[in-house]
Amino acid sequence: MFFSKIKKNHSFSKYFFLFLLIFLFVCNTPSSVQAGLFDGTPALVDKLNSAFEKIEDWLLKLATPAAAVAVAVGVFMKKFSFGDEERIRTAKKIIRGSLFSYGFILVLNLTLSAIKSLLT
């Protein structure tokens with residue numbers, strides 16, 4: 001079933017790769033580089049990069065107090081469970097989930113920073 005779809009769309013993929021190949025050869029000519037078409041980073045890319053960096057910083061600033069509140073709620077729920085096993089399990093799940101989520105956000109931030117430093 002999957003291969004029948006590939007055979008039907010084979011002509012589309014052939015034209016797409018042909019267009020891509022032509023585009024790469026046209027854009028990599030010395031005249032386009034000398035004309036300054038690909039000199040440096042385009043302004044739109046710079047604006048998008050700075051916008052994504054601001055969004056990333058904002059989400060990290062928002063995630064820190066949210067994780068602290070979630071851990072505090074879990075600790076208070078565990079403290080005031082008065083021996084109720086279901087509430088203790090729920091509190092442990094809240095604490096574990098919030099710490100795991102915050103750790104994932106921090107690791108993701110570090111990973112993106114490492115990728116960015118490798119690409120620049």
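Predicted model: local features only at pLDDT ≥ 70, side-chain atom pairs only at ≥ 80, totals over all residues.
**Chatting through a helical model**

Student: What share of the contacts comes from residues 24 or more positions apart?

Tutor: Counting contacts with a separation of 6 or more, such residues account for 48%.

Student: New topic: rings. How many aromatic pairs are there?

Tutor: The count comes to two aromatic pairs. In one of them, the ring centres of Phe 76 and Phe 80 are 6.3 Å apart.

Student: Why is that pair called stacked?

Tutor: Because the planes of Phe 76 and Phe 80 are at 15 degrees, and planes under 30 degrees apart count as stacked.

Student: So what about Phe 80 and Phe 82, how is that pair arranged?

Tutor: Phe 80 and Phe 82 form a tilted pair, with 6.4 Å from centre to centre and 55 degrees between the planes.

Student: Which residues do the ring pairs link into a cluster?

Tutor: Phe 76, Phe 80 and Phe 82.

Student: Is Phe 76 buried or exposed?

Tutor: Phe 76 is exposed, because its relative accessible area is 52% and the cut-off for exposed is over 50%. Phe 82 is exposed too, at 72%. Phe 80 has 47% relative accessibility, so Phe 80 counts as partly exposed.

Student: Let's switch to Ser 98. Where does Ser 98 lie?

Tutor: Ser 98 lies in helix H5, which covers residues 85-119.

Student: Buried or exposed, that Ser 98?

Tutor: Buried: Ser 98 has a relative accessible area of 10%, and buried means under 20%.

Student: What does the side chain of Ser 98 reach?

Tutor: The side chain of Ser 98 reaches the backbone oxygen of Ile 95, at 3.0 Å.

Student: And leaving aside neighbours within four places in sequence, which residues is Ser 98 in contact with?

Tutor: Ala 67, Ala 70 and Val 71. To put Ser 98 together: this buried residue sits in helix H5, has its side chain at the backbone oxygen of Ile 95, and is in contact with Ala 67, Ala 70 and Val 71.

Technical notes. Residues numbered from 1 in each chain as written. Heavy atoms only, no water. Contact = heavy atoms within 4.5 Å. Phe/Tyr/Trp six-rings, centres within 6.5 Å; stacked < 30°, edge-to-face > 60°. Buried < 20%, exposed > 50% of the residue type's maximum accessible area, 1.4 Å probe, protein only. Helix = DSSP H or I, 4+ residues; strand = E, 2+ residues; numbered from the N terminus. Polar contact = N/O pair within 3.5 Å; in protein donor to acceptor, adjacent residues only side chain to side chain.
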